Amino acid sequence: MNLFLQHNLARFAASHPSIEIHVSPRPHRHPVIRGHFINGTQHSICVRNLEKGQVLQKAEILRDMSGEKARRVRGGKVVGSLNEGTRGVWSPFHGAKAPSFEG
């Protein structure tokens, strides 16, 4: 973490001027990167025992986040295919007995 602060943080801050960066000491605690988002949420990532390149990747993850909670995407088919099924497309007119539409 110290190597990231000494070497990469200045370049990261200069290349992303829209991001506000605060560095505060946390004695006797694990180092944490914390992102505060416009919608009021915050997200923290522990960077204990990570190299400077790995810490940079975690900072980029926070940079790319929207701050919204992860939600499950519902709807749609689970598996899509461009090919028809091996049995073909089902139709009510297939089969041994034709359906009757009369009352």
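1. Let's start with H28, which sits in the loop between α1 and β1; helices (H or I, at least four residues) and strands (E, at least two) here are DSSP runs, numbered from the N terminus. H28 isn't a glycine, yet its phi is positive, about 60°. Most residues other than glycine have a negative phi. H28 is also exposed, at a relative accessible area of 86%. For that wording, buried means under 20% relative accessible area, exposed over 50%, and partly exposed in between (1.4 Å probe, protein chains only).

2. A word on what you're looking at: this is a predicted model, where local features need pLDDT of at least 70 and side-chain atom pairs count only at pLDDT 80 or more, while totals for chains, interfaces and linings use all residues. Residues are numbered from 1 along each chain as its sequence is written, and side-chain values use heavy atoms, with hydrogens and water left out.

3. With a relative accessible area of 68%, N49 counts as exposed.

4. On the overall layout, the protein chain has two helices and two strands, and along the sequence they come in the order α-β-β-α. Of the 103 residues in the protein chain, 15% are buried. The protein chain exposes about 9,600 Å², with carbon and sulfur atoms supplying 53% of that area; accessible areas come from the Shrake-Rupley method with a 1.4 Å probe, and for residues only the protein chains shown count as cover. As for contacts (heavy atoms within 4.5 Å), take those in the protein chain between residues at least 6 apart in sequence: 44% of them join residues at least 24 apart.

5. How do the strands pair? Strand β1 (residues 32-36) and strand β2 (residues 42-46) run antiparallel, joined by five bridges; for two strands to pair, DSSP has to find at least two bridges between them. I33 stands opposite I45 in β2. The two strands form a hairpin with five residues between them, and G40 in the turn has a positive phi of about 95°.

6. Now helix α1. N8 lies in this helix and is buried, with a relative accessible area of 10%. Leaving out residues up to four places away in sequence, N8 touches L3, K52 and L56.

7. L5 is also in helix α1 (residues 2-15), but L5 is partly exposed, at 32% relative accessible area. Together with I21 and V23, L5 makes a nonpolar surface patch of about 230 Å². Patches are made of residues with over 30% relative accessible area and no salt bridge; like charges are joined within 9 Å, nonpolar side chains (Val, Leu, Ile, Met, Phe, Trp, Tyr) within 5 Å.

8. Which salt bridges turn up? The structure holds two, a salt bridge being a side-chain nitrogen of Lys or Arg within 4 Å of a carboxyl oxygen of Asp or Glu. One joins the side chains of R63 and D64 (2.9 Å, N to O). R63 is partly exposed at 32% relative accessible area, whereas D64 is exposed at 56%.

9. The side chains of E68 and R71 form a salt bridge as well (3.7 Å, N to O). Here E68 is partly exposed, with a relative accessible area of 48%, and R71 is exposed, with 66%.
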